[in-house]
Amino acid sequence: QVQLVESGGGLVQAGGSLRLSCRASGRISLYYGLGWFRQAPGKEREFVAAISWSGGSLRYVESVKGRFTISSDYAKNTVYLQMNSLKSEDTAVYYCAAGQSNYGPFTSWGQGTTVTVSS
C-alpha cells in the first residue's frame, strides 16, 4: 500500500495560481502512475492529469490543457499540480491517486485538498 497526502489548496481569485503537492509514502515502487482528480460540489469525480514517476507519459483533461502542469519528483516522493489562470469552474476538492500505470486503475487515494476560485 501507499499513503498519499495532498497539500496546497486554498482560496484564490480567478486568474490566480496555486500549486498542489502530493507526498507519497509506503510501497511507492509498486505504483507506476500518479494522477490528480477533482470533484466539484454536486458533480462526479473527474480525471485532471496523470504522470509516471519518471516524469513522462503526461496526460491532461482537455479543460486544463495549457493552464495546469503536472510534474513528479521521485527523490522527494512527491507529485505536483501547478494550476495557473484559475477559473471558478476549477473549484473542487482535488485528490491525488496512485495506480499501476498513468492510465490507471488508480487504487490508492489521498484525503483531498480543497481549491476555491472566487470570481
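Helices (H or I, at least four residues) and strands (E, at least two) are DSSP runs, numbered from the N terminus. With those terms, the elements of the chain read β-β-β-β-β-β-β-β-β-β-β from the N terminus on, that is, eleven strands and zero helices.

The model is predicted, so local features are given for pLDDT of at least 70 and side-chain atom pairs for pLDDT 80 or more, while totals for chains, interfaces and linings use all residues. Residues are numbered from 1 along each chain as its sequence is written, and side-chain values use heavy atoms, with hydrogens and water left out.

**The whole chain**

Display the C-alpha trace of the chain, which spans about 40 × 25 × 25 Å along its principal axes. The radius of gyration is taken over C-alpha atoms, and the globule rule is 2.2 Å times the number of residues to the power 0.38. For 119 residues a compact globule would have a value near 14 Å, and the 13 Å of the chain agrees with this.

Next, show the surface. Accessible areas come from the Shrake-Rupley method with a 1.4 Å probe; for residues, only the protein chains shown count as cover. The chain has an accessible surface of about 5900 Å², and 49% of that belongs to carbon and sulfur atoms. Residues are called buried under 20% relative accessible area, exposed over 50%, and partly exposed in between (1.4 Å probe, protein chains only). Of the 119 residues in the chain, 46% are buried.

Contacts (heavy atoms within 4.5 Å) come next. Among contacts between residues at least 6 apart in sequence, 56% join residues at least 24 apart.

**The nonpolar cores**

A nonpolar core is a set of buried Ala, Val, Leu, Ile, Met, Phe, Trp, Tyr and Cys residues joined through side-chain atoms within 4.5 Å. Select Trp36, Val48, Phe68, Val79, Leu81, Met83 and Tyr94: these have the most contacts inside the largest core, which has 29 residues. At least two residues of this core come from each of strand S1 (2-7), S3, strand S4 (33-39), S5, S7, S8, S9 and strand S11 (113-118). A second, separate core has five residues, among them Phe37, Phe47, Ala50 and Ala97.

Centre the view on Tyr94. Leaving aside neighbours within four places in sequence, Tyr94 is in contact with residues including Trp36, Val48, Phe68, Leu81 and Met83. Glu6, Arg38 and Gly112 are also among the contacts of Tyr94.

Now move to Ser21, in strand S3 (residues 18-26). Is Ser21 buried or exposed? Its relative accessible area is 17%, and Ser21 is therefore buried. Not counting residues up to four places away in sequence, Ser21 touches Val5, Glu6, Ser7, Trp36, Thr78, Val79 and Tyr80.

**The charged network**

Side chains of opposite charge can pair when their charged atoms come close. A salt bridge here is a side-chain nitrogen of Lys or Arg within 4 Å of a carboxyl oxygen of Asp or Glu. The whole structure holds four salt bridges.

Select Arg38 and Glu46, whose side chains meet in a salt bridge at 2.6 Å, N to O. Arg38 is buried, at 6% relative accessibility, whereas Glu46 is partly exposed, with a relative accessible area of 31%.

Arg67 is in the loop between S6 and S7, 23 residues from Asp90, and Arg67 and Asp90 are both buried. Through shared partners, salt bridges join Arg38, Glu46, Arg67 and Asp90 into one network.

**Backbone features in the loops**

Go to Ser57, in the loop between strand S5 (46-52) and strand S6 (59-60). Phi of Ser57 is near 55°, a positive value in a residue other than glycine. Ser57 counts as partly exposed, at 41% relative accessibility.

Asn77, in the loop between strand S7 (68-73) and strand S8 (78-83), also has a positive phi near 55°.

Finish at Pro105, in the loop between strand S9 (92-99) and strand S10 (106-109). Which kind of peptide bond joins Gly104 and Pro105? The bond is cis, with omega about -5°.
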